[in-house]
Amino acid sequence: MLIIACPYCGPRPELEFRYGGEAHVARPVDPSTLSDEDWGAFLYQRANPRGLHAERWRHVHGCGRFFNALRDTTTDFFAATYETGTPRPAGTPADGETSR
Ligand SMILES: [Zn+2]
C-alpha cells in the first residue's frame, strides 16, 4: 500500500486521500476581461507531464484539508508534500523530470 505524508497529520495509507487536480493553477484576477479561448484554457487545459507533477490532494478521511504534493506520474513516488498556499519546495526537480 502506498503511504502519503499529509503535511498536517503525518504518514497515512493512500485510501484516506483523493486526488484534486493540478496544483498552482491561479484564477485570473478579472475573468470578465479574458477571451473565451483564454477562459476555456484556464478551466480545462492542464499539464500532463511524464515524471514529477505538482498536484493537489485532499486528506478526505483524516483532517479533510487540501495540500500540495510532488508526485512522479510514472512511479507514484511522492517526492514531497507541502501545505496549500506555500511555494513548491526549493531544490525539487521541475515538472516532467524524474524523481530519482
Ligand atoms: Zn491530514
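Predicted model: local features only at pLDDT ≥ 70, side-chain atom pairs only at ≥ 80, totals over all residues.
**Burial and overall build**

I started with burial: 26% of the 100 residues in the protein chain are buried.

I then checked the extent. Taken along the principal axes, the C-alpha atoms of the protein chain fill a box of roughly 45 × 30 × 25 Å.

I counted the secondary structure next and got one helix and six strands. Reading along the sequence, I wrote the pattern down as β-β-β-α-β-β-β.

Residues 24 or more positions apart account for 47% of them.

**Zinc site**

Which residues coordinate the zinc ion? I found Cys6 through SG, Cys9 through SG, His59 through ND1 and Cys63 through SG, at 2.1 to 2.4 Å.

The angles among the four donor atoms are 103 to 117°, and the site is tetrahedral. Along the chain the donors follow the spacing C-x2-C-x49-H-x3-C.

**Start of the chain**

While at strand 1, I looked at Ile3, which lies in that strand. Not counting residues up to four places away in sequence, Ile3 touches Pro11, Arg12 and Pro13. For Pro13 I also took the C-alpha distance to Ile3: the two atoms are separated by 4.7 Å, with the residues ten apart along the chain.

Four strands make an open sheet in the order 3-4-5-6, with antiparallel pairing. Its edge strands are strand 3 (18-22) and strand 6, each pairing on one side only. From one strand to the next the twist averages 35°.

Then I went through two of the pairings:

- Strand 3 and strand 4 run antiparallel and are joined by three bridges. I noted Glu22, whose bridge partner in strand 4 is Glu55.
- Strand 5 and strand 6 (residues 78-83) pair in the antiparallel sense over five bridges. Here I noted Ala69, with Thr81 as its bridge partner in strand 6.

Strand 5 and strand 6 also form a hairpin, with five residues between them.

**Positive phi**

I looked at two residues for their backbone angles. Asp76, in the turn of that hairpin, has a positive phi of about 65° although it is not a glycine. Its place is in the loop between strand 5 and strand 6, and at 35% relative accessibility I put Asp76 down as partly exposed.

His24 is the other entry: it is not a glycine either, yet has a positive phi of about 65°. I located His24 in the loop between strand 3 and helix 1 (36-44). Its relative accessibility is 47%, and His24 counts as partly exposed.

**Aromatic pairs**

How many aromatic pairs does the structure hold? I got four, and wrote up two of them.

One is Phe17 with Phe67, edge-to-face, at 5.8 Å centre to centre and 85° between the planes. This pair links distant parts of the chain, 50 residues apart: Phe17 is in the loop between strand 2 (10-13) and strand 3, while Phe67 is in strand 5. Both Phe17 and Phe67 are buried.

The other is Tyr19 with Trp57. Why is this pair edge-to-face? The ring centres are 5.7 Å apart and the planes stand at 80°, and an edge-to-face call takes over 60 degrees, so it qualifies. Tyr19 lies in strand 3 and Trp57 in strand 4, so the pair ties together parts that are 38 residues apart in sequence.

I then compared burial within this pair. Tyr19 is partly exposed, with a relative accessible area of 46%. Trp57 counts as buried because its relative accessibility is 12%, and the cut-off for buried is under 20%.

Last entry: I checked for a cluster around this pair and found that Tyr19, Trp57 and Phe78 form one.

Notes: Residues numbered from 1 in each chain as written. Heavy atoms only, no water. Donors = N, O, S within 2.8 Å, 3.2 Å for Na, K, Ca; no water. Tetrahedral: all angles 85-135°; square planar, octahedral: opposite > 155°, others 65-115°. Contact = heavy atoms within 4.5 Å. Pairing = 2+ DSSP bridges. Axes fitted to C-alpha atoms, helices over the stretch in contact; angles between N-to-C directions. Phe/Tyr/Trp six-rings, centres within 6.5 Å; stacked < 30°, edge-to-face > 60°. Buried < 20%, exposed > 50% of the residue type's maximum accessible area, 1.4 Å probe, protein only.
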